[in-house]
Amino acid sequence: MNFDLTILIVHYNRINCLLKSLGSLHTVFGDTVEYLIADDCTPEHKLNSIVNNYNVNISRLSCNSGLGANINNAIKQIKTKYVLQIQDDHYLKKGVDNNFI
């Protein structure tokens with residue numbers, strides 16, 4: 001599927017926050033956007049709940065490299081025209097206008 005928007009979620013080892021964030025994003029955007037998680041070396045077994053419950057792509061660093069390296073690595077994978085970058089503890093409420101592009 002071709003998307004216009006990628007939501008880049010910067011993440012490190014806060015699975016509960018990430019699940020809540022993805023839940024809120026999915027409530028607003030559904031499957032109309034690409035979700036890319038920029039993960040800074042969270043243990044792989046912790047990411048299984050994300051992969052099993054959401055249609056997401058994960059850009060995962062093999063060692064903890066810091067915020068800048070994590071974002072730069074993920075940006076290389078983005079092919080959409082627009083990007084919304086958020087942290088894993090950002091939540092959107094139902095009713096937010098998603099026509100901001």
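Predicted model: local features only at pLDDT ≥ 70, side-chain atom pairs only at ≥ 80, totals over all residues.
**Exercise 1. How are helix 1 and helix 2 arranged, and which residues make the contact between them?**

Solution. 
- Start with what needs describing. Two packed helices are described by the angle between their axes and the distance between the axes.
- Find the two elements: helix 1 covers residues 15-29, and helix 2 covers residues 44-53. Their axes come within 10 Å and cross at roughly 15°.
- Angles under 35 degrees count as roughly parallel, so helix 1 is roughly parallel to helix 2.
- Next, list the partners. Helix 1 contributes I15, L18, L19 and L22, while helix 2 contributes K46, L47, S49 and I50.
- Finally, sort these residues by class: six are nonpolar, one is polar and one is charged.

**Exercise 2. What is the span of helix 1, which of its residues are buried, and what covers them?**

Solution. 
- Begin with the span. Helix 1 has 15 residues and reaches 20 Å from its first C-alpha to its last. That is close to the 21 Å expected at 1.5 Å a residue.
- Then pick out the buried residues of helix 1: I15, L18, S21, L22, S24, L25, V28 and F29.
- To read that list, recall a rule about helices. An α-helix has 3.6 residues a turn, so residues three or four places apart point the same way.
- Look for the cover. It includes strand 1 (5-11), strand 2 (34-39), helix 2 and strand 4 (82-87).
- End with the residue just after helix 1: G30 takes a positive phi of about 60°.

**Exercise 3. Where are the non-glycine residues N13 and C41, and what is the phi of each?**

Solution. 
- Most residues other than glycine have a negative phi.
- Take N13: it is found in the loop between strand 1 and helix 1, and its phi is near 60°, a positive value.
- Take C41: it is found in the loop between strand 2 and helix 2, and its phi is near 75°, also a positive value.
- Return to N13 and ask how accessible it is. Its relative accessibility is 29%, so N13 counts as partly exposed.
- Look at the surroundings of N13. Leaving aside neighbours within four places in sequence, N13 is in contact with D39, T42, P43 and K46.
- Check a distance too: N13 and D40 are 27 residues apart in sequence, and their C-alpha atoms are 7.9 Å apart.

Note on methods:
Residues numbered from 1 in each chain as written. Heavy atoms only, no water. Axes fitted to C-alpha atoms, helices over the stretch in contact; angles between N-to-C directions. Helix = DSSP H or I, 4+ residues; strand = E, 2+ residues; numbered from the N terminus. Parallel < 35°, antiparallel > 145°, perpendicular 65-115°, else oblique. Contact = heavy atoms within 4.5 Å. Nonpolar A, V, L, I, M, F, W, Y, C, P; charged D, E, K, R; others polar. Expected span 1.5 Å × (residues − 1). Buried < 20%, exposed > 50% of the residue type's maximum accessible area, 1.4 Å probe, protein only.
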